[in-house]
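User: Can you walk me through this one? I'd like to go over the aromatic residues and then the helix packing.

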Amino acid sequence: MKLEEMICVPCRGGVAPLTAVESEAKIAELPGWTLEDASTRISRTFRFPDFVSALGFARKVGAIAEEQKHHPDIALGWGYCTVSFQTHKIHGLHENDFIMAARVNAAATA
């Protein structure tokens with residue numbers, strides 16, 4: 001099953017974050033995303049022609065996050081929207097982060 005077709009499963013903590021090797025394998029499926037902070041966070045900056053378009057995209061990302069109950073950090077400005085994921089309860093990356101990144105990529109191309 002493709003990542004963007006998967007559903008986020010609530011992470012209540014108590015599980016180990018993905019290893020750097022596991023994260024590198026998953027990030028390979030996500031064009032434009034990068035591993036950051038010693039492989040404990042992923043992010044991507046999306047470019048837009050103006051602020052209104054970037055804001056509209058941030059709203060789309062917010063709707064996806066609410067639907068999946070897995071929320072990103074979003075930085076927004078004129079012509080860009082940066083989306084970052086990390087599962088705070090485990091201080092690292094969980095499969096949910098990659099599912100959400102795939103869903104965000106799908107929203108960007110929709």
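User: Quick one to start. Is Phe46 buried or exposed?
Analyst: Keep in mind that this is a predicted model. Phe46 counts as buried, because its relative accessibility is 6% and the cut-off for buried is under 20%.

User: How many aromatic pairs does the structure hold?
Analyst: Four. One of them joins Trp33 and Phe46. The pair is edge-to-face, with 6.2 Å centre to centre and 75° between the planes.

User: Where do those two sit in the chain?
Analyst: Trp33 is in the loop between helix H1 (20–27) and strand S1 (34–36). Phe46 is in strand S2 (residues 41–47). They are 13 residues apart, and the pair links distant parts of the chain.

User: And Trp33, buried or exposed?
Analyst: Buried, at a relative accessible area of 6%.

User: What about Phe48 and Phe57, how are those rings arranged?
Analyst: They form a tilted pair. The centres are 5.3 Å apart and the planes make an angle of 40°. Phe48 is partly exposed, with a relative accessible area of 21%. Phe57 is buried at 5%.

User: Which residues do the ring pairs link into a cluster?
Analyst: Trp33, Phe46, Phe48, Phe57 and Phe85.

User: Tell me about Phe85. Where is it found?
Analyst: In strand S4 (residues 80–85). Phe85 counts as buried, with 0% relative accessibility.

User: What does Phe85 touch?
Analyst: Leaving out residues up to four places away in sequence, its contacts include Trp33, Arg41, Ile42, His70, His71 and Pro72. Leu93, Asp97, Met100, Ala101 and Val104 are also among them.

User: How far is Phe85 from Asn96?
Analyst: Their C-alpha atoms are separated by 9.0 Å. Along the chain they are 11 residues apart.

User: Switching to helices. How do H2 and H3 cross?
Analyst: H2 covers residues 51–68 and H3 covers residues 95–109. Their axes come within 10 Å and cross at roughly 140°. The crossing is right-handed.

User: Which residues meet there?
Analyst: From H2, Phe57, Lys60, Val61, Ile64, Ala65, Glu67 and Gln68. From H3, Met100, Arg103, Val104, Ala107 and Ala108.

Technical notes:
Residues numbered from 1 in each chain as written. Predicted model: local features only at pLDDT ≥ 70, side-chain atom pairs only at ≥ 80, totals over all residues. Heavy atoms only, no water. Axes fitted to C-alpha atoms, helices over the stretch in contact; angles between N-to-C directions. Helix = DSSP H or I, 4+ residues; strand = E, 2+ residues; numbered from the N terminus. Left-handed = near helix turned anticlockwise from the far one by under 90°. Contact = heavy atoms within 4.5 Å. Phe/Tyr/Trp six-rings, centres within 6.5 Å; stacked < 30°, edge-to-face > 60°. Buried < 20%, exposed > 50% of the residue type's maximum accessible area, 1.4 Å probe, protein only.
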